[in-house]
Amino acid sequence: MELSRKAEILLVEDNEADIRLTKEALEETKVLNNLSVVKDGEKALDFVFKRKGFEEAPSPDLILLDLNLPYKSGKEVLAEIKSHPELKSIPVVMLSTSQAKEDINGAYLLHANCFLSKPVDFEEFVKLTQKTTSYWLETARLPELQ
Ligand SMILES: [Mg+2]
């Protein structure tokens, strides 16, 4: 079900090419969205906890979380979000080039809502981003956090 306002998406990604492709994909989609980008795991937590310069940050409706990040890994970020009483309800989509079973299983064991392998082909990457955001922001009903 579509939100009655712009969907807030938080992208946690250190790879500039992936950031650019995600931006492109989201600009082309019909889902009204506001994309925020942070480039390391520590900033991701500062953003969701609205601290250290992120006091005015919007509450994300969807988090796109890269697995391999500087300072704190995607798994560490995921674990913190999913152990928080309120933030754990935010859908977190893990993204990685990894195909390793332990990475995929590990993400689900930490309550990732979804694990996606990043396609190498940029058109496929754009398509996947659009499908994913359309599913989570238009098809699924989401919790409304304060
Ligand atoms: Mg990375």
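**A note on the sheet and its helix pairs**

1. In strand S3, Leu10 finds its bridge partner in Ile63. The strands involved are S1 (residues 7-12) and S3 (residues 62-66), which run parallel and are joined by four bridges. Strands and helices here are DSSP runs numbered from the N terminus (E, at least two residues, for strands; H or I, at least four, for helices), and two strands pair if DSSP finds at least two bridges between them.

2. A word on the model, which is predicted: local features need pLDDT of at least 70, side-chain atom pairs count only at pLDDT 80 or more, and totals for chains, interfaces and linings use all residues. Residue numbers start from 1 along each chain as its sequence is written.

3. Now the whole sheet: it is open, has five strands in the order S2-S1-S3-S4-S5, and its pairing is parallel. S2 (33-38) and S5 are the edge strands with a single partner strand each, so one side of each has no neighbour in the sheet. From one strand to the next the twist averages 20°.

4. At the S5 end, S4 (residues 92-96) runs parallel to S5 (residues 114-117), with four bridges between them. The chain gets from S4 to S5 through helix H4 (residues 101-109), in a right-handed β-α-β crossover (with the strands pointing away from the viewer, the path from the first strand over the helix to the second runs clockwise). Within this pair, Leu95 has Leu116 of S5 as its bridge partner.

5. Helices H2 (residues 41-48) and H3 (residues 74-82) have axes that come within 9 Å and cross at roughly 20°; axes are lines fitted to C-alpha atoms, for helices over the stretch in contact, and angles run from 0 to 180 degrees between N-to-C directions. The two helices are therefore roughly parallel (angles under 35 degrees; over 145 is roughly antiparallel, 65 to 115 roughly perpendicular, the rest oblique). On the H2 side the contact is made by Gly41, Ala44, Leu45 and Val48, and on the H3 side by Gly74, Glu76, Val77, Glu80 and Ile81 (contact means C-beta atoms, placed from the backbone, within 7 Å).

6. Lastly, H1 (residues 16-28) packs on H5 (residues 122-139) at about 55°, the axes being 9 Å apart, which makes H1 oblique to H5. H1 contributes Leu21, Thr22, Glu24, Ala25 and Leu26, which meet Phe122, Phe125, Val126, Thr129, Gln130 and Thr133 of H5.

Methods:
Contact = placed C-beta atoms within 7 Å.
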